[in-house]
Amino acid sequence: LAQAALAVQKICAATPFASRDAQASKAALRMAHLLHDCSEVYKVYSEVDHVAQLAVQGWDKRNGGRSTRKPEMQPQEIRIRVGSDPMFKPLLREGPSRGSGAATPRSSGATSNSLEPPPSPRIIRSPVVRGVTQGMGVLRPSRGQPQEEEFVVPDFILLESSTLAELYWEGGGGQKELGPIRRSAALFQVVLTFLKLRWLVRLHLAMVSFAGRRCSLLRMLQGCLADTCEVHTHPHPPAQLYELLMETLRTRLMQRWPLFLAYVAMDDSRMPPLSSTPRRPNSRDARATAAELWQLVDDIFLAYLVQLDAAVMPASQVLQELAFYGLPLPSVPNSFDGLQDWHLVKDLPSCQSKHLRQAQREAHRFVALLESPVLRREWQLDSDEIMELARTISTHPRTFNAGLRARLIWILKGGTPHQGEPDYSAADEVDEDQYARFFTFSDGARDIGRVGPGKFAA
């Protein structure tokens with residue numbers, strides 16, 4: 001902060017009055033980047049309140065405070081019925097039996113000899129009616145009846161999916177109810193989370209267009225990604241942040257909310273072209289922030305997906321659902337420099353914190369790519385490097401969360417489906433000797449000490 005303030009003083013002393021304002025604003029922007037990051041939950045919530053306040057002020061200045069009560073302008077709630085075909089059978093196969101014991105540390109949150117989810121699975125707060133409970137737990141179909149749920153989804157979220165938008169506009173007008181769609185209801189909740197995250201990018205571009213970069217959602221999403229990748233007793237779903245931001249804006253805008261939503265949704269020219277390749281922002285490009293935001297959204301979704309129960313939410317089936325609903329696959333960079341750097345200095349407390357966040361972020365990418373080869377583009381890791389990184393992740397429960405480690409163990413036990421090929425698994429690339437070393441090394445945690453709690457005898 002002192003360096004940025006000194007830069008402002010130098011600008012005011014050495015430049016003419018005509019160019020002081022422009023250069024001072026650039027210096028103020030550099031000063032803003034030196035502020036604290038949104039690594040803690042309370043900081044993320046504070047950023048949500050700050051962005052919402054500035055967005056409302058900017059919208060009132062642009063719109064003149066106009067509001068509407070017209071029924072046709074109000075956002076609509078669409079009921080979508082989703083249920084699996086009774087003949088649908090998920091493609092899952094159990095992993096090979098291993099006589100070496102559990103691959104999960106005894107002190108970790110995951111069970112030792114099971115492929116069950118971690119004790120606190122992530123929850124999506126989606127409105128569900130007709131007696132169906134909310135959440136992301138394992139859905140048990142009733143006897144003789146196809147499993148079906150009804151979701152209540154806002155229309156502006158619905159239009160992010162080309163498939164749902166086509167169903168919505170069938171018949172020449174907006175439909176109040178859609179379905180039944182014969183797909184998995186559990187996987188549809190994951191698709192809804194992806195739709196909400198993608199709509200935040202549209203919201204960011206709209207707010208920046210009328211209120212400037214002070215209303216950017218970049219820092220908020222960076223904090224959301226850091227919070228999603230960290231270790232929590234009760235994981236925080238990323239959709240919860242979306243709900244908080246929407247309710248804050250709706251409460252402050254009141255009757256101006258319909259016009260605000262119409263402005264956000266009406267112009268697609270602000271949206272950058274979509275691609276499944278990793279996005280590398282260029283600071284000289286006007287769309288650099290948007291590209292970085294797209295990558296953040298993809299990383300948040302992958303981190304959320306990896307922490308779900310692998311036996312119920314395999315990545316291959318989730319990717320198939322995204323393709324069915326007309327959504328592009330998440331872009332996943334195939335580099336793990338941060339994770340490998342953290343692996344080298346993990347035993348040095350003074351150095352490991354420098355690479356901690358990037359290592360947590362890339363660990364989720366590593367597990368996602370290990371399970372879904374369809375996302376690999378420049379994969380350069382051999383089997384020895386894969387097992388070395390897997391041992392590091394599985395033996396550090398204070399650094400990598402339980403859901404991430406549970407899915408990694410599930411993959412290495414041979415439970416990976418892939419695009420309808422029951423005989424494929426990432427575990428097939430690893431021999432028995434590498435498995436034996438992995439199980440031996442992973443028998444105990446490496447970052448919580450070796451001595452358990454106890455009492456000394458008098």
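User: Which residues in H16 are buried?

Analyst: This is a predicted model, in which local features need pLDDT of at least 70 and side-chain atom pairs count only at pLDDT 80 or more, whereas totals for chains, interfaces and linings use all residues. Residues are numbered from 1 along each chain as its sequence is written, and side-chain values use heavy atoms, with hydrogens and water left out. Buried means under 20% relative accessible area, exposed means over 50%, and partly exposed lies in between, with a 1.4 Å probe and protein chains only. In H16 the buried residues are Ala-402, Gly-403, Leu-404, Arg-405, Ala-406, Arg-407, Leu-408, Ile-409, Trp-410, Ile-411 and Leu-412, so that 11 of the 11 residues of this mostly covered helix are buried. H16 is followed by Gly-414, which has a positive phi near 95 degrees.

User: How many helices and strands are there in the protein?

Analyst: Helices (H or I, at least four residues) and strands (E, at least two) are DSSP runs, numbered from the N terminus. By this reading the protein has 17 helices and three strands, and buried residues make up 48% of its 458 residues.

User: At what angle do the axes of H15 and H16 cross?

Analyst: Two packed helices are described by the angle between their axes and the distance between the axes. Here the axes are lines fitted to C-alpha atoms, for helices over the stretch in contact, and angles run from 0 to 180 degrees between N-to-C directions. The axes of H15 (residues 383-394) and H16 (residues 402-412) cross at roughly 140 degrees and come within 9 Å. Angles under 35 degrees count as roughly parallel, over 145 as roughly antiparallel, 65 to 115 as roughly perpendicular and the rest as oblique; H15 and H16 are therefore oblique to each other.

User: Which residues in H15 meet which residues in H16?

Analyst: Contact means heavy atoms within 4.5 Å. From H15, Met-387, Ala-390, Ile-393 and Ser-394 meet Leu-404, Arg-405, Leu-408, Ile-409 and Leu-412 of H16. The residues of this contact divide into seven nonpolar, one polar and one charged, where Ala, Val, Leu, Ile, Met, Phe, Trp, Tyr, Cys and Pro count as nonpolar, Asp, Glu, Lys and Arg as charged, and the others, Gly among them, as polar.

User: With which residues is Arg-365 in contact, leaving aside its neighbours within four places in sequence?

Analyst: Arg-365 lies in helix H14 (residues 356-371) and is buried, with a relative accessible area of 8%. With those neighbours left aside, its contacts are Gln-295, Asp-299, Val-332, Pro-333, Ser-335 and Phe-336.

User: How many disulfides does a search of the whole structure find?

Analyst: A disulfide is a covalent bond between the sulfur atoms of two cysteines, and the criterion used here is a pair of cysteine sulfur atoms within 2.5 Å. The search of the whole structure finds zero disulfides. Cys-224 is in no disulfide, and the nearest cysteine sulfur, that of Cys-229, is 9.1 Å away. Cys-224 is buried, with a relative accessible area of 6%.

User: Where does Met-254 lie, and is Met-254 buried or exposed?

Analyst: Met-254 lies in the loop between helix H8 (238-253) and helix H9 (257-266), and at 58% relative accessibility Met-254 counts as exposed. Its phi is near 55 degrees, a positive value in a residue other than glycine.

User: Which peptide bond is cis?

Analyst: The peptide bond from Gly-179 to Pro-180 is cis, with omega near 5 degrees, and Pro-180 lies in strand S3 (residues 177-181).
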